[in-house]
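Student: I'm new to reading protein models. Could you walk me through one, feature by feature?

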Amino acid sequence: MTLRDWVQNGWLAEQQTTPDEISNLLRIAQRDLSDSQTPGLSADWRLNIAYNAALQAATAALAAQGYRAGREAHHLRVIHSLEHTIGASGSLITRLDYFRKKRNASGYELSGATSDQEAKEMLALARKLRDEVRTWLIAKHPELCGGDLA
Amino acid sequence: MSTSDQGDRLSTTLFGRTRRAVLALLYGHADEAFYLRQIARVSGTGLGTVQRELALLTAAGIIRRDARGRQVYYRANAECPVFAELKSIVTKTVGAGDTLRAALRPLAGRIRVAIVYGSQAAGRARTGSDVDVLVVGRVTFAQVVSALAGAQAILGREVNATVYPPTEFRAKVAQGHGFLKRVLQGPVMFLIGGENDLARLGSKWVVG
């Protein structure tokens, strides 16, 4: 399946992006990478913030290809689109998806069910993804790299 | 750890193949009723064999046979004097314990303790309840979740994992960390390790 098929399925919508939007998404990713290391925050919350950094980076890659994800299963689509945007490995996508599920579960009855190690694992994953997205943007979409790529 | 090797032998030694399969289905989903063909299909046994087993278990009052019109359904008998105990045995062995133990086996050398907590451990799990697993060991979250992915498919339930390295677990227990305290004071089912291993990690397992 290609991203064009995803549009047919109603999973994505076409939308032109701008260097400003890309730079803004990467700035949020950078902010969240930093904020997720704020001392004193719970591991649950640090994992959440690092996860958001990863999601913003993935959203930037999708936007660069001219798409945005629909509302339904938004996070799932954004994460799985990485295969078609930056050509992310199956292992990276699977790991990111594990954290998506963990985050869903820990939002409700399992508050506190995140270890420091898990928050760090998510942070390392988010950082790796952000770096991959940035490298890919510079190589494949230099026209969108006019702004600050954080 | 010897407990993980013993895992699937528990149920195969206690029950014969057909009985194990029937009890796993009926006591593993004690809030549901099943008809003969369903039971035969899930247990992978011939209709005749299953029918004989169902007759024996019904006669002993371990399961209930209900006829609705022309359909006959079987379910776990909640009035059986050992209903709770049987349900617990099934849950700890064929129900989920065996499956989870087998899934974690490739990582067992690096896991000090693995437990199921929450509704599954308390025997209050309903169809669709998640299975909550806590792992203490030198493994990553991604490794554990990936190992458990197959078990999730077999059990037909979401398996949520929380993974602590031994040092972090020890430190959090010493601090009286809220989540760990709740988990360790509630009912738990050991998958790998036991009370002694928890004690060595600085924790008491308070309630049985």
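Predicted model: local features only at pLDDT ≥ 70, side-chain atom pairs only at ≥ 80, totals over all residues.

Student: How many bridges join β2(B) to β3(B)?

Tutor: Two strands pair if DSSP finds at least two bridges between them. Here β2(B) and β3(B) run antiparallel and are joined by six bridges.

Student: What is the strand order in the open sheet of chain B?

Tutor: The order is β1-β3-β2, three strands with antiparallel pairing. β1 and β2 of chain B are at the edges with a single partner strand each, so one side of each has no neighbour in the sheet.

Student: Which residues of α2(B) are buried?

Tutor: "Buried" means that 20 or more other C-beta atoms, placed from the backbone, lie within 10 Å of the residue's own. In α2(B) the buried ones include Leu23(B), Leu25(B), Leu26(B) and Tyr27(B). For contacts, the C-beta atoms of two residues, placed from the backbone, must lie within 7 Å. The buried residues of α2(B) pack against several elements of chain B, among them β2 (63-68), β3 (71-76) and α5 (83-95).

Student: And what pattern does chain A follow along the sequence?

Tutor: Helices (H or I, at least four residues) and strands (E, at least two) are DSSP runs, numbered from the N terminus. Chain A has six helices and two strands, in the pattern α-β-α-α-β-α-α-α. Buried residues make up 43% of its 150 residues.

Student: What radius of gyration does chain A have?

Tutor: This radius is taken over C-alpha atoms, and the globule rule is 2.2 Å times the number of residues to the power 0.38. Chain A has 15 Å, which agrees with the value near 15 Å for a compact globule of 150 residues.

Student: How many residues of chain A are in contact with chain B?

Tutor: 13 residues of chain A are in contact with 14 residues of chain B. On the chain A side, α5 (90-106) and α6 (116-140) are the elements that give two or more residues.

Key:
Residues numbered from 1 in each chain as written. Chains lettered and ligands numbered in written order. Buried ≥ 20, exposed ≤ 12 C-beta atoms within 10 Å, placed from the backbone.
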